[in-house]
Amino acid sequence: MHTAESAGQKETRRMGLRHREDAEIADLENRLIIECPREGESVDQFERRRGLVDAEGEEHQRFTTGPVLTGHAFGELPLSRKTQLGLKDHGFTKLTPIQRSAIPYALAGRDVLGEARTGSGKSLAFIIPVIEKLYRMKWSADDGVGAVLISPTRELSAQIFTVLQQVGSHHDFSAGCVVGGRKFQEEQKVFPSLSIVVCTPGRLLQHIEETAGSDLSNVQVLVLDEADRILDLGFKRTVELILDALPPKRQTLLFSATMRTSVQQLATLALDNPELLSVSRNLKSATPTGLRQLCMTVRLEEKVNSLFTFLKTHAQTKIIAFVSATKQVRFLYETFRRLRPGLAVLELHGGMSLDKRMKVFDQFASKDKGLCLICTDVAARGVDFPQVDWVIQVDAPDTADTYIHRVGRTARFDREGNALMFATEVEQESLLSELAQKKVDVRVTSINRRRMFNITGKLQSLLASEPEVKHLAIKATQVYARSVALAGRTKLSDDEVAAYAHSLGLHEAPPVTLPTQEELTSGKKKKNMSKLERLKEKIRQKKLAKKQKEMAGEAGEGEEDGGWSQLEEDLQEKKATKLSKFERRQKRQQELFAAQGPDGLSGEAQEGDEEDDVLVTVNKGDDAPLEEEPATQAEARARDAVKKGRLRVRKDGSIYVRGTGGLGKNQHMTFDESGDEGSEREEAQEDEDEESAAAAKKAFVESMRQKVEEREEEDKKLMQEKVREKHRKIKEKLRRKRPEGEDEMEEVGAVLASPEEDSDTAEDHDGEGSVEPPAKRQRGEMADLEAEALKLLG
């Protein structure tokens, strides 16, 4: 009875909870109708209508012209109780400008195209609307995938998934992070049961194509975060294929740091009448206001010493140091962790596995000071490292946008931070002007050389004792020289490369392969290109080269090009036309007869053969002996068959040529002077063919017989010589041993006599019955007699 009452109480609690959730959802929907902005209404118009700002001022365009009030809290938004608890538990209280602008429109179910600078809190701007929409729809695991959140990199996807877990900690949704670097088979098992999928574009497309039950036809919300970076990595076609797999009626939220033409094209394809929101268009600076930015003038050979000095003097801070390539990260990490600059050193680059990258990510995020992360641009976009004090750009960025994204790792969410860039004088001239156009104010400074540490000697000793570190130094020098050339601002001279190599501990500069002019002008000047980027660039270059050849061929008609254009066309036609084996052989015969001409002349002597102008036959040597021309076509074929080893003898003794197709006996094709096949059979031609075949057969059989006889004679002589040599050696040993009398020697001599001597001895004892016939003695007792002779020896 007590159990039944407990079950009833549980069911009552479930019913009460369900009724409360239904009532809460109804209340939220009513609030959304009343409080959310109307379609086409700008943020400023919405604020004035709600009475949140003063009514004075002009009406603005649909594009917002700056940040709105940031003092409003999440608790004032029409959000569910579970979401409010998740935000409160993890310290999310106030709204940032992009959150203040985007969340009301996204909660109302409208498409959003948001532009905001890095570190502005875009993640919560789309995570909260996704959770709230699925909650109001009472989404469950049986409904399939309800939301897809796409980001360009694995690290950003992992960070978004972490924030999603925090905000939705009180909800019952099933969510998963689907990125490359993990076991695909394990993801396939759980993918169909996920309600929210956080992923990278390539991995999601792989699941769509290969995972059974990966049905995305019921997706309600699609999020594209860092859309400009997604396009930079070459995922445009991948995103298009993903959009084809999604239902047309859905809500789409697209966020980007820039609104380039490519992003606008993607927005046109993915969004339906979106709300255009921007909180960075008319800002005074493209970087955070609390960021102090410095540019330090350094010589090329002072970069490593300057970095070591800075780390030594800032040992109680948290630092991110950006370099150009993976090999530089590996070299600085391996050397600095041995030389110990006073703080712990970590590395992060694209060559690491996903597990190692996430481990480094957690280690760096968990500490507040005394740590330096040396990394490539893999950590320059979207990744949120808490409480970073300094961002050092050891190598100057290739573009101003890269600079903005790098320094965005500090001074996030209205905090303060510092950024320091190492640059040579040439790099400063070009880069500072580009940053000024982007509304970035950088102050130039210099290092105090009196306090600089010189670690060149230590590096030389380290490289001499550890060859693997020396190899990293060589690679770091090579990739740095190449990256500087790809950036396009300057090109290192041989002396500069040697000076940089010496600063890394090398005694001489390694050979450097600089990019070609085509690579410099191709527009792809990025150093850390993904595999997909490299493949797409290679395909693009091939298409471009093919198009240039076609244009050059059209423009150069009538000009002398050595026949190469015509040759390429002929090769293409030949490749396009597929002939059978018989047709290819027939074509070769036609070309042979056409080249010989009616009087047996070659194609060079005939003025009418225009097809032989491109391809000509070149003899290997002018001094080679000339063979006599065959009298008939059959003789030529027979001779060619003998040369190539294609002549075969059947069991019945008949001769045939291997590889002649299905032609029967005495069936021959005849051609006229133009190479066309004729239908007449001439008896004389058949006789010549039969005679040539018989002659070839006879010559073949005779040559084989002679070879066999010669081989048998050689084997016979060799065997006799071996027997004689063996007998001679045995007799020589017997002479060296002690002699036991003339009879014994005669007996031994009889034993070791040759077969001819044995036969003579057998004739002398013909009358004795104890002596067997010579043949039997030779076969039966020779072995025994030889054994006895060996016993006598010893």
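This is a predicted model: local features need pLDDT of at least 70, side-chain atom pairs count only at pLDDT 80 or more; totals for chains, interfaces and linings use all residues.
Which residues of α4 are buried? Residues are numbered from 1 along each chain as its sequence is written, and side-chain values use heavy atoms, with hydrogens and water left out.

The buried residues of α4 are Ile 98, Gln 99, Arg 100, Ser 101, Ala 102, Ile 103, Pro 104, Tyr 105, Ala 106 and Leu 107. Here buried denotes under 20% relative accessible area, exposed over 50%, and partly exposed the range in between (1.4 Å probe, protein chains only). Helices (H or I, at least four residues) and strands (E, at least two) are DSSP runs numbered from the N terminus. Because 10 of the 11 residues of helix α4 (residues 97-107) are buried, the helix is largely enclosed by the rest of the structure. Just after α4, Gly 109 adopts a positive phi of about 90°. An unreviewed UniProt entry carries the annotation "domain: DEAD-box RNA helicase Q" for residues 72-100; UniProt positions follow the numbering used here, feature names are shortened, and annotations may be inferred rather than shown by experiment. The span 72-100 is 45% helix and 0% strand, and its end C-alpha atoms lie 8 Å apart.

Thr 252 belongs to strand β6 (residues 251-256) and is buried at 0% relative accessibility. When neighbours within four places in sequence are left aside, Thr 252 is in contact with Asp 111, Val 112, Leu 222, Ala 270 and Leu 271. The side chains of Thr 252 and Arg 250 are joined by a polar contact of 3.2 Å; a polar contact is a pair of N or O atoms within 3.5 Å, where within protein one must be able to donate a hydrogen and the other to accept it, and residues adjacent in sequence count only if both atoms are side-chain atoms. Ala 419, in strand β13 (residues 417-423), is buried with a relative accessible area of 1%. With the same exclusion of neighbours within four places, the contacts of Ala 419 are Leu 291, Arg 292, Gln 293, Leu 294, Trp 390, Val 391 and Val 407.

Aromatic pairs were assigned to rings of Phe, Tyr and Trp (its six-membered ring) with centres within 6.5 Å; planes under 30 degrees apart count as stacked, over 60 as edge-to-face and the rest as tilted. By this rule the count comes to seven aromatic pairs. Phe 364 and Phe 385 form an edge-to-face pair, 5.1 Å centre to centre with 90° between the planes. Phe 364 lies in helix α14 (residues 354-366) and Phe 385 in the loop between β11 (371-375) and β12 (390-393), so the pair ties together parts that are 21 residues apart in sequence. Both Phe 364 and Phe 385 are buried. Tyr 480 and Tyr 500 form a stacked pair, 4.5 Å centre to centre with 20° between the planes. This pair links distant parts of the chain, with Tyr 480 in helix α18 (residues 467-487) and Tyr 500 in helix α19 (residues 494-503), 20 residues apart. The relative accessible area of Tyr 480 is 3%, and Tyr 500 is buried at 5%. Ring pairs also link Phe 308, Phe 336 and Phe 453 into a cluster.

The buried residues of α19 are Val 497, Tyr 500, Ala 501 and Ser 503. They cover an arc of only 160° around the axis, which puts them on the same side of α19; the arc is that of the directions from the helix axis to the C-beta atoms. Asp 494 and Asp 495 are exposed on the other side of α19. The buried residues of α19 pack against α12 (303-313), α13 (326-339), α17 (456-465) and α18.

Most residues other than glycine have a negative phi. Arg 340, by contrast, has a positive phi near 60°; Arg 340 is located in the loop between α13 and β10 (344-348) and is exposed at 64% relative accessibility.

Note on methods: Contact means heavy atoms within 4.5 Å.
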